[in-house]
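Biologist: I would like to learn how to read helix packing and pockets in a model. Could you take me through an example?

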Amino acid sequence: EKQAAIWSGDVDEAKVIEILRDIVSYELAGVVRYSHYALMVKGPNRIPIVQFLKEQASESLLHAQQAGEILTGLGGAPKMDIARIEETHQYSIYDILAESYEHEAKAISLYRDLLRETENKSVYLEEYARGMVGQEELHRIELRKMLRDFSD
């Protein structure tokens, strides 16, 4: 039995579900990426950078779970795989942070897609997407600050 839409407006529910599926998949890839990087860090700054990367992995898992709860609440189902992980196989601290910076850019793009799809159509989904864009932008700011040490 088909249930009535939970919002007024012209939300393309199929499109929202597909974007959320991509977000779950991408955030789960972030768990793998950041966990892998945490294992690969060497050098005198290892401990604080490993801690940062582990925190990012945990946060990616939380983000995947949050998006997954919304996704399944809308009647969708997450993919049983993760997004493709681009990797240079370079493990200097600079390379790890630079790849992380790019990873966050893609996350912002996915959440912006969700925001565009829900803006002025669903208060909850719009605010969720807006909040996630803000969190991911903050991660990029932190990574940019960490990368500055290599260019100053």
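Biologist: Which handedness does the crossing of helix 1 and helix 2 have?

Modeller: Keep in mind that this is a predicted model. The crossing of those two, helix 1 and helix 2, is left-handed.

Biologist: At what angle do helix 1 and helix 2 pack, and how far apart are their axes?

Modeller: The general idea first: two packed helices are described by the angle between their axes and the distance between the axes. Here, helix 1 (residues 13-40) packs against helix 2 (residues 46-73) at about 160°, and their axes are 8 Å apart. Angles over 145 degrees count as roughly antiparallel, so helix 1 is roughly antiparallel to helix 2. Their contact is made up of 18 nonpolar, six polar and four charged residues.

Biologist: And how do helix 1 and helix 3 pack?

Modeller: The angle between helix 1 and helix 3 (residues 93-118) is about 165°, with the axes 10 Å apart. These two helices are therefore roughly antiparallel to each other. Helix 1 passes helix 3 in a left-handed crossing. In this contact there are 13 nonpolar, four polar and nine charged residues.

Biologist: Now for pockets. What is the volume of the second largest pocket, and which residues line it?

Modeller: Rolling a probe the size of a water molecule over the atoms shows where empty space is left. The second largest pocket has a volume of about 160 Å³. Among its lining residues are Y26, R33, E99 and H103. Helix 1 and helix 3 are the elements that give two or more residues to this lining.

Biologist: Which element gives the largest share of that lining?

Modeller: Helix 3 does, with four residues. By class, the lining has four nonpolar, two polar and six charged residues.

Terms used: Residues numbered from 1 in each chain as written. Predicted model: local features only at pLDDT ≥ 70, side-chain atom pairs only at ≥ 80, totals over all residues. Heavy atoms only, no water. Axes fitted to C-alpha atoms, helices over the stretch in contact; angles between N-to-C directions. Parallel < 35°, antiparallel > 145°, perpendicular 65-115°, else oblique. Left-handed = near helix turned anticlockwise from the far one by under 90°. Nonpolar A, V, L, I, M, F, W, Y, C, P; charged D, E, K, R; others polar. 1 Å grid on protein atoms, 1.4 Å probe; cavity = no way out; pocket = protein on both sides within 12 Å on 5 of 7 lines; lining within 4 Å. Points joined across faces, edges and corners; volume = space filled by probe spheres on them.
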